[in-house]
Amino acid sequence: MPIPQAGEIWEVSRLVQSPLEFSREEQQSLYPSSVQRFLAGSLPPRYVMIVKEPESSVEAQQWAIVTVMLLSVKTEFLNDVDLLIPPEMSGVGQDLLTETWHVVPALTCNLLQPVGKRLSREIYDHLLAVGDYYHGLIEELPAVSETYRLGLISGNLGAAKDSAIQAFHEQEEAWSDVLTVPVAAYQTYLESIKFTNAVLDEALHLEQE
């Protein structure tokens, strides 16, 4: 599998992998129903944009971590932070909604394959700047005129739709568990290895004494 690069669009795998295996019952308790339907193939494919590729020192590792921005096909929730990428820009064949506020870690093994076109650095930087504004890291939202110049589309559903946008964000945060839970499992796995090694080192030290 190629190494994910910043700005690329990747399809999310329906086969969840992690160093800790989950039974069907555990998956049902860990993942919301939307994730379970996705894994069963009952929902359309999902995509992410690569924000940060794996560190060079771990590229060859099975459990390498990459940072991604979630994309959605639910374009009816277009607003000033969920920007639309038209199909001619992404090459995916359909409109995609970029969740600029929603950046999470994922294991590269849970990304199936790159699709469409790699977004330009200018578009990539603009999307991250919009997300930074949402999280209060910068004071001003990038100009809407710049959004449209880059070929992206912004919208404002108005105060009457704020509750719908909030509900959409909450649903998407829950759905991203399909990516973040395996990362948490990997971190737990690393901690267990460190603990085991520490116990073995202590036992060896006592035996030598």
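The largest pocket holds about 250 Å³ of space, in a model that is predicted.

**The largest pocket**
- A total of 13 residues line the largest pocket, and those nearest its centre are Leu43, Arg46, Lys74, Glu172 and Trp175.
- Helix 2 (33-39) and helix 6 (162-175) each contribute at least two residues to the lining of this pocket.
- Sorted by class, the pocket lining has six nonpolar, three polar and four charged residues.

**The largest cavity**
- The count gives one cavity of 30 Å³ or more, and the volume of the largest cavity is about 40 Å³.
- Around the largest cavity you will find Asp80, Leu83, Val130, Leu141, Pro142, Val144, Thr147 and Ser154.
- The lining of the largest cavity has five nonpolar, two polar and one charged residues.

**Strand 2 and its partners**
- Strand 2 (residues 47-52) is largely enclosed by the rest of the structure, because five of its six residues are buried, meaning under 20% relative accessible area.
- Strand 1 (residues 9-12) pairs with strand 2 in the antiparallel sense, over three bridges.
- Within this pairing, tyrosine 47 in strand 2 is the bridge partner of glutamate 11.
- Strand 2 also pairs with strand 3 (residues 65-72), in the antiparallel sense and over five bridges.
- Here isoleucine 50 has valine 68, in strand 3, as its bridge partner.
- In a regular strand, side chains alternate between the two faces of the sheet.

Definitions and conventions. Residues are numbered from 1 along each chain as its sequence is written. This is a predicted model: local features need pLDDT of at least 70, side-chain atom pairs count only at pLDDT 80 or more; totals for chains, interfaces and linings use all residues. Side-chain values use heavy atoms; hydrogens and water are left out. Buried means under 20% relative accessible area, exposed over 50%, partly exposed in between (1.4 Å probe, protein chains only). Helices (H or I, at least four residues) and strands (E, at least two) are DSSP runs, numbered from the N terminus. Two strands pair if DSSP finds at least two bridges between them. On a 1 Å grid over the protein atoms alone, a cavity is a set of points where a 1.4 Å probe fits but cannot get out, and a pocket is an open set with protein on both sides within 12 Å along at least five of seven lines; lining residues have an atom within 4 Å of a point. Grid points are joined across faces, edges and corners, and a volume is the space filled by probe spheres set on the points. Ala, Val, Leu, Ile, Met, Phe, Trp, Tyr, Cys and Pro count as nonpolar, Asp, Glu, Lys and Arg as charged, and the others, Gly among them, as polar.
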